[in-house]
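Let's walk through this model together, starting with the whole chain and then settling on a single residue. Keep the viewer open as you read.

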Amino acid sequence: MYALRQEQANFTSHTSPTSPKNQPPLIDPAVVRAAGQIYYTYCEVHPEMAGQPSGVAINRVNHRGKVIFTNQPVLLPQECFVPLNQIESYMY
């Protein structure tokens, strides 16, 4: 159990005091891919989308998530937030 938590910490840990402030936290690439699929599916289903989304809140275990439009989302314990700029940079 401890190893699992430590592994998750490697992918979703917040920046430490020694890391640069502009560097985003590391997120599992599979989670970023799933967040990208959620975002692009949302864009296809809602082409009249009003407002700019800030990213996707996604469950790290089952990869279910929602597009978020606020800058400070409230997350459940198993969720992480993937910012839109990280989703877009990963797709290219």
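A residue counts as buried here when its relative accessible area is under 20%, with a 1.4 Å probe. Bear in mind that the model is predicted. By that cut-off, 26% of the 92 residues of the protein chain are buried.

Now follow the fold. The protein chain contains three helices and three strands, and reading from the N terminus the order is α-α-β-β-β-α. How much of the contact pattern comes from residues 24 or more positions apart? Among contacts in the protein chain with a separation of 6 or more, such pairs make up 50%.

Next, turn to the hairpin. Strand β1, residues 55-59, runs antiparallel to strand β2, residues 65-68, and four bridges join the two. One of the pairings to look for is alanine 57 with its bridge partner in β2, lysine 66. Five residues sit between the strands of this hairpin, and histidine 63 has a positive phi near 60 degrees.

Finally, let's stop at isoleucine 68, which belongs to strand β2. Is this residue buried or exposed? Isoleucine 68 has a relative accessible area of 18%, so it is buried. Beyond its neighbours within four places in sequence, isoleucine 68 is in contact with Pro53, Ser54, Gly55, Val56, Ala57, Pro73 and Phe81.

Conventions:
Residues are numbered from 1 along each chain as its sequence is written. This is a predicted model: local features need pLDDT of at least 70, side-chain atom pairs count only at pLDDT 80 or more; totals for chains, interfaces and linings use all residues. Side-chain values use heavy atoms; hydrogens and water are left out. Buried means under 20% relative accessible area, exposed over 50%, partly exposed in between (1.4 Å probe, protein chains only). Contact means heavy atoms within 4.5 Å. Two strands pair if DSSP finds at least two bridges between them.
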